[in-house]
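This report is written for a reader who is meeting the structure for the first time. Please keep the sequence and the model in view while reading.

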Amino acid sequence: MAEMVRKSSVDEVLNHWILAGSCILLVITGFAFLFHMESVGGVFGGFDTMKSVHNWAGVVFSVSLLYSMRHYLADALHYDADDRQWFKVAGGYLSHKVKVPPMGKYNPGQKLYYLIILLAGIAIALSGFAIWFMKDNGSIMLLAHLVHNVAFVVFVVVVPVHIYLGTLANPGTFGIMVTGTMPLETAKKRHPKWIS
Amino acid sequence: MANNTNTSRKAILVTPELCIGCRACQVACKSWNQLSAIKTKNNGTYQNPPDLASAAYNMIQYSEVPSDQNAVRWLFLSRRCMHCEDAGCMTICPSPGALYRTDDGAVAFDRDKCIGCKLCVNACPFDVPRYDAEDKVTKCHLCFDRIGAGMEPACTKTCPTGALKFGDRDELVGAAKQEGFGTIYGEKDLGGLGSIYAFKEEPKLYGMKENPEIPSSVVFWHTYLKPLSLIGLGGVVGAAAIHYLAIGPHKDQEEEV
């Protein structure tokens, strides 16, 4: 058995699952509302119940998103020269022949992704609560409806990229989401600045 | 973004200058739709109820405007759902079937399918939909149940002066024009309204909204954001698949150049 190193704490792994699960549930129900998908509504026993599921999944997502800040925000705000070089070589994702600079715990793509999720997440949560609780204020409702849908477009574009990069594109990464650990040897190659 | 097109579209033609403000239309509507009475306060006008409500699908709006001949002119305007061809309420509603188009071209509601989000209230250019005590949408449905049984809506049936007429929309528009009404309000607005108004004067005088439009944010959302969410999702999933096939997953050692 290879020697493992812990990359994510237990509460981080758990919270990421809650965040991911609620997010996917919200996206599916969101699409169902947007495009009147009656088959999806039927799964929940109708659109009225689906609305409750969507609202309360939103509460779970909001809490989970705020909690995730303690895991990722500090890292996501720091970028160094290697990070700039990483963008120049597109993280090595467009060619296996370029030299990718040594990375810390997260690469700048992941850090930027987190900031996008945090900002779009706060926007979609606040606008969602406005649609839920401020029904009688016409201008707030229409603004919130617009913000909610703009943030939704951001989510459906960036989240699949994140899922792809965390599974197929980087074999082994998904294991970190499950166990919170990765083999030491792999960590030395992928995260030299973090391991040292 | 018309919700539907209809060849046998029915309409109510309101001719405000024929209206005597008797409010029989209000009573007939309540009677047919079994709507309860609303306790109101005298606020210095004959207008009662003061506004459309979950128990008032139609109402007469009373307004006093300056006049050359008399001290004041007293105008009566029968209001209800406009049954827009391009209906903002139907466009924004997230629950299929909660607001729907009848065979006669009216916009009706199904309270069992309403999820109580109130988006329709905010997308309506005419401030028509109201929520009842159970937070379900209500509004005029052009008495689709009466029309389906070969009758006309309760309000037009009871109107004693002809201020309210029900019939084939095209015929009503043609007849009103022949009678010399210069302005048919709602003939073209929002794809054509199902409640049309015949005026010889400026509709604004009677308190009609000028250039009614669906809120621009709703139009933008419907025209661009909705398709963009599908195109965006499909695009990145497709791009990921192409990346996986063309370039392939990450390798821990870079290849020799």
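## Basis of the description

The structure is a predicted model, in which local features need pLDDT of at least 70, side-chain atom pairs count only at pLDDT 80 or more, and totals for chains, interfaces and linings use all residues. Residues are numbered from 1 along each chain as its sequence is written, while chains are lettered from A and ligands numbered from 1 in the order in which they are written.

## Overall form of chain A

Chain A contains nine helices and two strands; here helices (H or I, at least four residues) and strands (E, at least two) are DSSP runs numbered from the N terminus. Read from the N terminus on, the order of elements in chain A is β-α-α-α-α-α-α-α-β-α-α. Along the principal axes, the C-alpha atoms of chain A fill a box of roughly 55 × 35 × 30 Å.

An unreviewed UniProt entry annotates residues 14–35, 56–73, 112–134 and 146–165 of chain A as "transmembrane region". UniProt positions are given in the numbering used here, feature names are shortened, and annotations may be inferred rather than shown by experiment. Residues 56–73 of chain A are 100% helix and 0% strand, with end C-alpha atoms 25 Å apart. For residues 112–134 of chain A the span is 96% helix and 0% strand, and the end C-alpha atoms lie 32 Å apart.

## Helix packing within chain A

The axes of H1(A) and H3(A) are 8 Å apart and pack at an angle of about 145°. Axes are lines fitted to C-alpha atoms, for helices over the stretch in contact, and angles run from 0 to 180 degrees between N-to-C directions. The crossing of H1(A) and H3(A) is left-handed, a term used if the near helix is turned anticlockwise from the far one by less than a right angle, with right-handed used if clockwise. Among the residues making this contact are Ile18(A), Leu19(A) and Leu26(A) of H1(A), together with Ala57(A), Phe61(A) and Leu65(A) of H3(A). By class, the contact of H1(A) with H3(A) has 13 nonpolar, nine polar and one charged residues. Ala, Val, Leu, Ile, Met, Phe, Trp, Tyr, Cys and Pro count as nonpolar, Asp, Glu, Lys and Arg as charged, and the others, Gly among them, as polar.

H3(A) also packs with helix H5 (residues 108–133) of chain A: their axes come within 10 Å and cross at roughly 150°. H3(A) is therefore roughly antiparallel to H5(A); angles under 35 degrees count as roughly parallel, over 145 as roughly antiparallel, 65 to 115 as roughly perpendicular and the rest as oblique. The crossing of H3(A) and H5(A) is left-handed. The residues that meet include Phe61(A), Leu65(A) and Tyr72(A) in H3(A) and Leu115(A), Leu118(A) and Trp132(A) in H5(A).

## The contact between the chains

The contact takes 35 residues from chain A and 31 residues from chain B, where two residues are in contact if their C-beta atoms, placed from the backbone, lie within 7 Å. On the side of chain A that touches chain B, helix H1 (10–34), helix H3 (47–76), helix H6 (138–166) and helix H8 (184–190) of chain A each supply at least two residues. H6(A) gives the most, with 14 residues. This side of chain A has 20 nonpolar, seven polar and eight charged residues.

H6(A) packs with helix H7 (residues 216–246) of chain B at an angle of about 5°, and their axes are 8 Å apart. H6(A) and H7(B) are therefore roughly parallel to each other. Val153(A), Val157(A) and Tyr164(A) in H6(A) are among the residues that meet H7(B), whose own residues in the contact include Trp221(B), Leu225(B) and Val236(B). The contact of H6(A) with H7(B) divides into 18 nonpolar, five polar and no charged residues.

## Domains and annotated sites of chain B

The domain assignment of chain B gives domain 1 (10–206) and domain 2 (215–257), with bounds that come from an automatic or database domain assignment. Taken over C-alpha atoms, the centres of the two domains of chain B are separated by 46 Å.

An unreviewed UniProt entry places a "binding site" at Cys81(B), Cys84(B), Cys89(B) and Cys124(B). They span 44 residues in sequence, yet no two of their C-alpha atoms are more than 10.9 Å apart, so they gather at one spot. Cys89(B) lies in helix H2 (residues 88–92) of chain B. The unreviewed entry also lists Cys29(B), Cys140(B), Cys143(B) and Cys155(B) under "binding site". These are spread over 127 residues of sequence but cluster in space, with a largest C-alpha distance of 10.5 Å.
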